[in-house]
Amino acid sequence: MNDAGTTTAPLFRELVDDAGLFPPTGLPMAEALERHRNDLAGNDPVLTHRFLCPAGRLAELRDHLTFPIRLGLILDTPDVPSLDGVAVELVEVRQAPGETPRSVSERLAGRLPGGARLFVEVSPDDRASLPRDGTGPGLKFRCGGLTAGAFPGASDLGALVAHCAKYGVPFKATAGLHNAVRHFDPVLGVDRHGFLNLVLAVCAAVEERDPVPVLKLTDVGELVRLAQAVPGDTATRARELLVSYGSCDTRTPIEDLAALCLIDRRPPAPGTEGEEDTEEESA
């Protein structure tokens, strides 16, 4: 890797959470855990090596788990389940109508596992309730889905990114960020956001520039040049804000970055050859 690639490496370190349980891939628990074990063995630095699991499947997880994992809990149950014997790093929950991220945090106060960070999923059109400091819960943004209407426009997503950069609010992203570069999906008739676009949009926002033009970029060469030119302090601040994003495909993000020469090309982890390409939409 050249000097520029080495400089930009922090942009992509521990970027991708494992959302293999979630649709449309929806791996069975045993298969999802086996793939996760293989990813752990491969130890690729692009992956967080954090396994995302719905609270409603926690008992199933316990039944199949034979090795230690870093767990991100997706709270899809009314109550926080018993977490004995499971170490939880993150808890992600969708904001209910009438709630704010702060009220969600207050509702769950004292009920979350010790040390776990809370991230509240918010709608892109509900910016009035967003926190204006980084002392409360983190946020979670959905960047796509199974229908065209599930994809926020670049202006809406950019406004959320700019808000987080302005007020120092950390966030996670999910859904639709399958490939590095923004591209048109002819099946849904919509532009899919690229995870490289998102990372570089956060960099623009922390430098007090408009993130929207970067989110809209489809010029691969220009995106690579932008990534190679990111200063180290900007990369650090950007990734303090963008904690990670969930993907049911843990192979394609690595392959895309390697093809763009933004990371070293690594051999696939044992047992992952022949994985089908899929789109992550739900974690």
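Q: Why does Glu14 count as partly exposed?
A: In this predicted model, the relative accessibility of Glu14 is 40%. Buried means under 20% and exposed means over 50%, with partly exposed in between, so Glu14 at 40% counts as partly exposed. Glu14 sits in the loop between α1 (3-8) and β1.

Q: What makes the phi of Glu14 worth a remark?
A: Phi of Glu14 is positive, about 50 degrees, although Glu14 is not a glycine. Most residues other than glycine have a negative phi.

Q: Which strand holds His49, and what is its phi?
A: His49 is found in strand β2. Phi of His49 is near 60 degrees, a positive value in a residue other than glycine.

Q: Why is His49 called buried?
A: The relative accessible area of His49 is 11%. The cut-off for buried is under 20%, so His49 with 11% is buried.

Q: How do you know whether Gly56 is buried or exposed?
A: The relative accessibility of Gly56 is 53%. Exposed means over 50%, so Gly56 at 53% counts as exposed. Gly56 is placed in the loop between β2 (47-54) and α3 (58-64).

Q: What does Gly56 contact beyond its neighbours within four places in sequence?
A: Gly56 is in contact with Asp76 and Thr77, once those neighbours are left aside. Thr77 is 21 residues from Gly56 in sequence, and the two C-alpha atoms are 6.1 Å apart.

Q: Why is the protein chain described as being as compact as a globular protein of its length?
A: The chain has 10 helices and 10 strands. Its radius of gyration is 18 Å, close to the 19 Å that the globule rule gives for 283 residues, so the chain is as compact as a globular protein of that length. A box of roughly 50 × 45 × 40 Å along the principal axes holds the C-alpha atoms.

Q: What percentage of the residues in the protein chain is buried, and what share of the contacts with a separation of 6 or more joins residues 24 or more positions apart?
A: Of the 283 residues, 53% are buried. Residues 24 or more positions apart account for 68% of the contacts with a separation of 6 or more.

Q: Which residues touch the most other members of the largest nonpolar core?
A: They are Phe12, Phe51, Leu61, Leu71, Phe171 and Leu196, in a core of 81 residues. Helix α6 (residues 195-206) gives the largest share of this core, 11 residues.

Q: What does Phe12 touch, not counting residues up to four places away in sequence?
A: Phe12 touches Pro45, Val46, Leu196, Val199, Arg239, Leu257, Leu262 and Ile263.

Q: Why does Val199 count as buried?
A: Val199, in helix α6, has 1% relative accessibility. Buried means under 20%, so Val199 at 1% counts as buried. Neighbours within four places aside, Val199 is in contact with Leu11, Phe12, Leu15 and Leu242. Leu11 is 188 residues from Val199 along the chain, yet their C-alpha atoms are separated by 7.2 Å.

Q: How do you know that Leu215 is buried?
A: The relative accessible area of Leu215 is 0%. With buried meaning under 20%, Leu215 at 0% is therefore buried. Leu215 lies in helix α7 (residues 212-216). Its contacts beyond four places in sequence include Ala154, Leu157, Arg182 and Asn197. The C-alpha atoms of Leu215 and Leu196, 19 residues apart along the chain, are separated by 8.8 Å.

Q: What makes helix α10 mostly covered?
A: Six of the eight residues of helix α10 (residues 252-259) are buried. They are Thr252, Pro253, Ile254, Asp256, Leu257 and Ala258.

Q: Where do the buried residues of α10 pack, and which residue follows α10?
A: The buried residues of α10 pack against β1 (16-18), β2, α6 and β10 (242-247). Cys261 follows α10, with a positive phi near 60 degrees.

Conventions. Residues numbered from 1 in each chain as written. Predicted model: local features only at pLDDT ≥ 70, side-chain atom pairs only at ≥ 80, totals over all residues. Heavy atoms only, no water. Helix = DSSP H or I, 4+ residues; strand = E, 2+ residues; numbered from the N terminus. Rg over C-alpha atoms; globule rule 2.2 N^0.38 Å. Buried < 20%, exposed > 50% of the residue type's maximum accessible area, 1.4 Å probe, protein only. Contact = heavy atoms within 4.5 Å. Core = buried A, V, L, I, M, F, W, Y, C linked by side-chain atoms within 4.5 Å.
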